[in-house]
Amino acid sequence: LEALIEYIITVTVFDQVTGVSNSASTRLIMSSGSVVAVITGGDRAVSTASNEIEVSASASYDENIPESSGSAAGLTFAWNCSAITSETQASCDDLSSILAAASEILSFPGSALAEGTYTFGVTVSAIDGRMSTASVELSAAGVTRPDVSLIGPIGGLTTTSTKTTIEAKVAIPSNGEETGELESTWSLVSGTLPVSLDEAASTPLTMTRIATRAEGIVHHDLVIQSGMLIPGSEYTFRLEAQYSESNSDLGFASLTIFTARLPSSGSIQVLPTSGMALVTKFELTALNWAADALPIRYRFSVLNAEGSLSTLRKATIVPVLGGVTLEAGEVTVIVTAIDNFGSEAQAERKINVEPLDLSSEEEDELTITSVTDELLAEAFAFNAVEQVCQVIVAASSTLSSSDESPRLV
C-alpha cells in the first residue's frame, strides 16, 4: 500500500445455502513515513593537499520507499557550508558552484579549502515537502594526513541485542610510491560501557601495517559485541590514523550512534477479566507500547497453573487478539513486544478461568463434545490453526479435571 492514499476495504459474507449476502466496508489511509538525512563519513580531518574530498548524503532515505536511497528514492539535496573558525582565510567561497549543483555527493579538491574548520549541512527533501537535515564538521589543514571516514548503522540507530559495526576507511595520500607504517587507533569519546572498550570490542583497537601510498584505502572496522551498549544511550567513537612519515599529521574521524531503548511503557488488557473454559471468548490487547525502532510486533502467549507456556499467536503488528479460548485455572496471559531490531519486553496479567459447571457425567460428556465440536468447526472454517490449538488445550484441561475422561470423538 502507498502512503497518503485512501483505500476502501470491503468484505462480503455469503450464506452458501440461501445465497443471502451482506457487506461491510472501511476506509484506510496509510500514514506517511519520515525522510532521514544521512551524511556518511562522520566529523573528520582532511588535508588541503588531497586530490579529492567527498561529502556524501547518498545514504539518505525515505521510509516510504524502503528499497531505495538518495536520488534513486526521488530525494533532492540542498547543501550549505560555513567556516566556523576564527581564521580570516577560511571560507566556502570556492565551493559555491559545487554547492549550487545540489547533487547527493559533494566532490572537490582539498585546495578548495583553506586551513580551518567547516560545517557542511544538507537538507534532504521528498517531492511532497517532507524534509530532514544533517551536518558534519571537516577540519582542514595544509599537511599530509590520512583521510579517515566512518560509516555507522543506518540512521545512527543501533541495538544492544546484536553486534554493532562501524566501518572505517583510511585513504592514504597518493603523492608518491614510498612505503611506511600506518597506525590507526579506536577510542571511545563519550558514553558509558560496562567494561573497557578493548573488552567490549571483538576487533583490535590498534592496527599497524605497512601501507603503500599507491594502495589507496585500508580498512579498520570497529565491532562492538552484543549486550555491551546500554539501551537508550548515546556513544561517540573516534578513529585516529597517522602515517609514519615525519611530515605526516594525524588524520581522524568521529561518529555518534544511539542505542535504541527496549520496548517499554506498555501493558496487556484482558476482557472480560474472568470467564469459563470453552465458553468465554477473551480479547487480549497490547496497550501503550513505545519503542525507538519501529514497527513493534506483538506475540501473545499463556502460562497455565502447571507452568506450561503456550503461544496463542505468533508476532504480528496487530496489537489485538480476539476470540481466545483459555483452559481452566489461574492462568497468566503474556504479551511480548518486539521492536524492529528484535529486542523484546513483556507484560502479563493473571486471570481466573472457571471450569465448565455440569451436573452429571452424561451431560458432561455431551456438553464438552458439542461445545468442542462447534469451536473446532468454527476454527477450521476460518483456517485459524492457533484457535484450533487453544480449543484442544482447553478441552483437554476440562476433561482431565474430571474423575472420568469422556471421549471427544
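This is a predicted model: local features need pLDDT of at least 70, side-chain atom pairs count only at pLDDT 80 or more; totals for chains, interfaces and linings use all residues.
When I counted cavities of 30 Å³ or more, the total came to one. For the lining of the largest cavity I wrote down S149, L150, I151, E167, A168, K169, H219 and D221. Two elements, β11 (147-151) and β13 (164-171), each give two or more residues to that lining.

**T259.** I then turned to T259, which I found in strand β19, covering residues 250-259. Is T259 buried or exposed? T259 counts as buried because its relative accessibility is 2%, and the cut-off for buried is under 20%. Setting aside the neighbours within four places in sequence, I listed the contacts of T259: L157, T158, T159 and T160, then L229, I230, P231, G232, S233 and Y235, and finally D292.

**Whole chain.** Next I went over the protein chain as a whole, in which I noted four helices and 27 strands. The chain has 409 residues, and 40% of them count as buried. I also looked at how far apart in sequence the contacting residues lie: among contacts between residues at least 6 apart, 64% join residues at least 24 apart.

Terms used
Residues are numbered from 1 along each chain as its sequence is written. Side-chain values use heavy atoms; hydrogens and water are left out. On a 1 Å grid over the protein atoms alone, a cavity is a set of points where a 1.4 Å probe fits but cannot get out, and a pocket is an open set with protein on both sides within 12 Å along at least five of seven lines; lining residues have an atom within 4 Å of a point. Grid points are joined across faces, edges and corners, and a volume is the space filled by probe spheres set on the points. Buried means under 20% relative accessible area, exposed over 50%, partly exposed in between (1.4 Å probe, protein chains only). Contact means heavy atoms within 4.5 Å.
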